[in-house]
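Take a look at the protein below. This report follows how its parts meet.

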Amino acid sequence: MRGRPLLFTKYTADQALLPTGTKKVMAAIFVALLVSIPFDLIPGLGFLAANDWLKTLTRVFIFAIGALGLNILTGLAGQVSLGHAFFMGIGAYAAAVLGAAPGALWGLGLPIWIWLPAAGLVAALVGVIVAPTAVRVRGLYLGIVTLALVVIGGWLFRNTESATGGSQAGRNFPPFELRLWQEEKPFLSFAEDGPWFGIDLSAEAKTYFFLLVLVAVFTLVAKNIQRTRVGRAFQAIRDRDVAAEIMGVDEFRYKMLAFAISSFFAGVAGALLASFVGRMIPESWDLALSVQLIAIVLIGGAGTVSGTLMGAGFVVIVPRFVQELTDLLKETIEEGEGVLARIGDVFIATSGSDGGIINTLPGSGPGLSVFQLNLVLFGLLIIAFLIFEPLGLYGIWLRIRNYWKGWPFTY
Amino acid sequence: MRKNRAVYLLLALALVAAACGDSAGDTTTTAAVATTTTAPAATTAPPETTMALPAVDIGVDFEAGKIYVGMLSDLTGPFGPLVTPIVDGHSVYWENVNANGGINGLEVELVVKDTQYIPDNHVQFYGELKEEVVAFGHSTGSPHTMAIREALEADGILAVPLTWYSGWSDPALNSNLVPHGAPYCIEAMNVLEYLSKKFEADNGAKPSLAIVSVPGDYGLDSAIGAALAAAALGLEVVYDGTGKVIPPAAGTTFDPTEFVTGIVGSQADIAFVTATPGTFSGIYGGSLAQGFEGIWSGAAPSWNPAFIGPDSPIRGGIARDFWGSAYISPWSSDAPGMKELRDLFAELRPDAPAHDYYGEGFVEASILHAALQKAYDNGDLTQAGVVAAAKSLENVDFGGIGPAETYVGEPNDRLQRQSLMFRPDPADLDAGGSGTTVVEDFFTSDIAAAYEFTGACYKLEG
């Protein structure tokens with residue numbers, strides 16, 4: 001079938017993970033690129049090898065895992081959820097109770113291979129408990145029910161001080177360390193600089209690789225769920241739940257399953273985020289976090305795994321770019337010469353009396369802080385994508401792909 | 001399709017440009033560091049000194065003549081209105097230092113990041129800044145500072161905490177933080193002893209007390225100090241709302257009913273409320289509406305000068321009822337340091353309104369200034385060198401803006417125990433001042449003086 005990449009003669013071929021040769025090559029290049037980043041092998045991407053950028057990329061991976069979970073629930077099964085932050089919080093605190101060193105707060109000091117999966121399982125269990133309420137309603141009502149979860153979770157986390165450290169105080173979370181059991185020294189620590197298999201790596205690079213492996217595993221799982229019976233059932237429910245049920249899809253069961261799987265992903269992502277940050281307060285698991293995850297799914301393209309990955313990259317990295325761009329413009333303005341400085345001066349206020357959309361010293365005058373600007377930006381992007389490109393970044397990618405597929409005969 | 005192609009091309013170009021810009025920036029910094037460390041007699045030696053250049057690693061660039069200092073500030077979060085003038089104070093202080101020769105010819109440049117009072121952001125920005133600054137001019141918030149505490153120690157970087165949690169004075173909890181001002185817990189002792197004595201002199205009886213606070217290190221540290229003071233003074237606590245005030249999440253409103261009922265119902269003589277300015281004014285306003293006329297106070301960050309602003313609905317009441325405490329002298333203070341501050345603001349920020357928190361920026365900057373200068377003189381201006389220099393500082397004087405600080409010796413000996421008492425003054429505000437009058441300059445109460453400091457009043461756990 002060479003030269004006819006879209007002709008499939010078997011269902012298995014049609015459903016393959018990477019059905020065409022191009023996709024296989026692209027995936028291999030992408031993975032190789034990600035692996036090479038900390039070693040600074042590719043010209044032009046050298047800045048990504050700096051520790052602070054590695055941290056930003058690691059954060060992308062963590063949000064990608066969380067968003068993959070939300071994508072299964074919202075993108076595949078069509079169940080709107082504002083409660084993802086709640087499940088992330090549950091996962092984080094399950095991890096803390098199981099993995100943190102014993103002390104004044106609950107902590108059992110168990111190794112990561114217990115606390116990380118357990119964080120997912122506990123969150124999934126909570127998902128199954130709340131799902132019967134949630135699956136009885138749909139659309140806007142489901143949105144409200146899941147919103148309530150975030151509010152209840154906020155109260156719960158504030159008031160279970162032994163687990164969470166209490167409001168505005170917070171607690172430490174177990175670090176990324178591999179232990180067989182509770183021995184003194186971990187045999188693999190991601191939190192310390194030093195050589196690994198003869199290669200000298202920084203702590204940031206190690207954490208990066210650890211998360212890269214995890215995100216690869218979760219991507220595979222998400223992709224596999226999508227292309228199996230369960231995934232098709234989810235999509236049938238999303239497209240028309242009544243029709244799905246007539247065809248023999250047990251709606252209740254599959255909605256429960258979607259909640260459980262999605263909560264598992266969220267729990268693991270929450271545990272990873274908390275461990276990555278090190279210390280978090282109960283107020284961290286709020287609506288803003290849920291909205292961020294929804295932004296990832298919608299901007300990336302609801303229902304697609306690669307779109308979700310792109311969305312995570314976009315939502316986490318764009319604020320960084322806006323910040324860097326603002327700093328760059330600010331410096332140019334302060335040097336005061338050239339066209340760029342004049343243009344920049346229109347957009348950026350460098351002091352209280354100066355006008356501009358972005359204020360580099362927020363609060364000292366009119367203008368938005370970089371954070372506020374990012375919020376506005378995400379809001380606008382979600383609206384724009386929903387109206388103009390419902391498939392999100394994935395849709396744009398699809399169009400680029402289709403353009404090159406026929407190149408140079410684009411007509 | 002054609003139009004779209006242009007857009008993608010532009011996007012790609014922008015990305016490439018941004019990427020190139022960044023990597024170029026990286027190479028120049030490392031190059032500068034490399035040349036200066038290997039060749040101390042470089043041509044760019046500062047003019048004033050004949051000494052060899054100090055050793056440097058991150059955050060000092062001899063070629064550009066700059067020392068970079070990081071700021072983890074809450075500019076748009078709940079404490080934004082208070083932290084913004086602090087950052088202003090910092091920048092005015094350093095502008096003046098830079099104009100007068102800097103640190104042996106090196107100018108200090110601030111790299112400010114807005115954490116929004118979110119620990120997650122705080123940690124993220126810390127990670128970014130630790131690769132480009134020599135030290136941190138301040139780190140806003142206790143759970144936030146707690147979140148980077150271990151990293152500060154592991155990375156060997158100095159930070160001035162912008163939080164008065166008593167744990168920062170405990171070396172077991174921190175080694176790279178240089179706190180200033182009396183911690184919340186000690187402050188509460190000073191305030192209550194002062195107010196209780198005054199009440200007794202006026203009324204011939206001991207006052208009854210209501211304690212209300214937010215949870216966390218801030219509220220609980222303060223409330224524990226208040227409880228210790230009440231026990232030492234023999235005051236009856238008629239209402240206890242310790243740790244019960246929950247600041248509202250974004251987009252929701254605060255319901256003060258529980259605390260209003262508690263305070264008004266208890267008929268307390270003194271209401272000691274440590275909260276955020278927003279929740280404090282809610283509780284105060286509610287109680288005022290019910291005719292409560294007790295004495296009000298709380299830890300310093302509960303107070304916002306906007307309470308007596310021209311449009312404030314509680315203006316008249318709070319001017320009558322509120323007794324504030326502070327870690328630094330207010331704008332109108334007679335202290336020589338404050339006079340200098342006012343002159344500098346008149347010169348460098350002629351349009352800036354009077355504000356009590358500029359002094360805080362000056363104090364933080366002064367500590368860092370002393371540490372940087374000492375590190376330079378020691379010949380070790382590395383991140384670790386600045387930490388070592390700061391830890392050896394004794395009797396850092398702020399010209400009366402705040403009480404002098406020492407960072408050597410036993411924790412119990414060097415713990416700061418002095419607070420200042422002020423009253424709101426709407427007339428002063430209308431006349432262009434900051435609206436505060438000092439009623440008792442820096443003092444140490446008997447309870448605070450006798451308090452044996454063995455560790456944080458409120459233990460912030462694991």
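## Two domains

Which domains does the domain assignment of chain A give? It gives domain 1 (46–285) and domain 2 (289–411). Such bounds come from an automatic or database domain assignment. The C-alpha centres of the two domains lie 26 Å apart.

This is a predicted model: local features need pLDDT of at least 70, side-chain atom pairs count only at pLDDT 80 or more, and totals for chains, interfaces and linings use all residues. Residues are numbered from 1 along each chain as its sequence is written, chains are lettered from A and ligands numbered from 1 in the order in which they are written, and side-chain values use heavy atoms, with hydrogens and water left out.

## The contact

Domain 1 of chain A brings 29 residues to the contact (heavy atoms within 4.5 Å), and domain 2 of chain A brings 19. The buried area is about 2000 Å². That is the accessible area (1.4 Å probe) that two parts lose on being put together, summed over both. Carbon and sulfur atoms give 77% of it. On the domain 1 side, Trp53(A), Phe63(A) and Asn71(A) supply 27% of the buried area, more than any other three residues.

## A salt bridge

How many salt bridges are counted between domain 1 and domain 2 of chain A? The count is one. A salt bridge puts a side-chain nitrogen of Lys or Arg within 4 Å of a carboxyl oxygen of Asp or Glu. The side chains of Asp52(A) and Arg320(A) meet in a salt bridge, at 2.7 Å from N to O.
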